Amino acid sequence: MTDTAKVVAVTGASSGIGEATARRLAADGHRLFLGARRTDRLDALAEEITTAGGTAAFQQLDVTDAADVRTFVSAACERYGRLDVVVNNAGVMPLSPLEALKTEEWDRMIDVNVRGVLHGIAAALPVMRAQGGGHFVNIASVGAYEVSPTAAVYCATKFAVRAISEGLRQESAGDVRVTLVSPGVTESELADGISDPDAREAMRTYRAVALPASAIAEAIAYAVAQPAQVDVNEIVVRPAASAQ
């Protein structure tokens, strides 16, 4: 448990890193507001957290819809009276070679992975400015630092999240903290969205050694737990047994 309970909004909270983060931060005594498209999973997670003595509520959320994100942030503020942390976690990863010309999948990655983060910032930054502080935790990837075949567009979106995070940090003058968390191979449902058969097979090999989502949640919890004068800017977490 932490001595300073915070209100934390988590996007993409219905599975993977978002779900693990909600559990971990709730265990630290923070109050959670969970968003994702699959409300049945959010309902089950919120019930699990509250049964264990924590505090959690949820609302359906599509991060590609700016108005929906504004409503989500407003609902969190209305429920808890403030908003201290936003974990911009929602993401998709339908990998394919560029020559496959899967332009709809490219657009989807840009909409979720980049616009989703921007929508979260646009909705929550005025709230944090007004209350005198806050913290964005943006989830990127090791793909924010390197590019691999079939992942050009995905990596481009994560490079963008890294750039956006650094720009926001430089503009924040210390009142709003910004943390970029970049996971290596992590157990999640991301690979389930790969429609290209060759890319899907390559990903099976790539993900042979993977971190549990709880490992990334621990990194997020570390950054959130730091005192107000400490800003953890970037955390890269990889499996010890893998170079990826």
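In the predicted model, helix α4 passes helix α5 in a right-handed crossing. The axes of α4, spanning residues 103-131, and α5, spanning residues 152-171, come within 8 Å and cross at roughly 15°. Angles under 35 degrees count as roughly parallel, and α4 and α5 are therefore roughly parallel to each other. On the α4 side, the contact is formed by W106, M109, I110, N113, V114, V117, L118, I121, L125 and R129. The α5 side contributes V153, Y154, T157, K158, A160, V161, I164, L168 and E171. Sorted by class, the residues in the contact of α4 with α5 comprise 14 nonpolar, two polar and three charged.

Helix α7, residues 213-225, contains 13 residues. From its first C-alpha to its last, α7 reaches 19 Å, close to the 18 Å expected at 1.5 Å a residue. Its buried residues are A213, I216, A217, A219, I220, A221, A223 and V224.

The relative accessibility of A46 is 6%, so A46 counts as buried. Leaving aside residues up to four places away in sequence, A46 touches L34, A56 and F58. L34, one of these, is 12 residues from A46 in sequence, and the C-alpha atoms of A46 and L34 are 8.0 Å apart in space.

Methods: Residues numbered from 1 in each chain as written. Predicted model: local features only at pLDDT ≥ 70, side-chain atom pairs only at ≥ 80, totals over all residues. Heavy atoms only, no water. Axes fitted to C-alpha atoms, helices over the stretch in contact; angles between N-to-C directions. Helix = DSSP H or I, 4+ residues; strand = E, 2+ residues; numbered from the N terminus. Parallel < 35°, antiparallel > 145°, perpendicular 65-115°, else oblique. Left-handed = near helix turned anticlockwise from the far one by under 90°. Contact = heavy atoms within 4.5 Å. Nonpolar A, V, L, I, M, F, W, Y, C, P; charged D, E, K, R; others polar. Buried < 20%, exposed > 50% of the residue type's maximum accessible area, 1.4 Å probe, protein only. Expected span 1.5 Å × (residues − 1).
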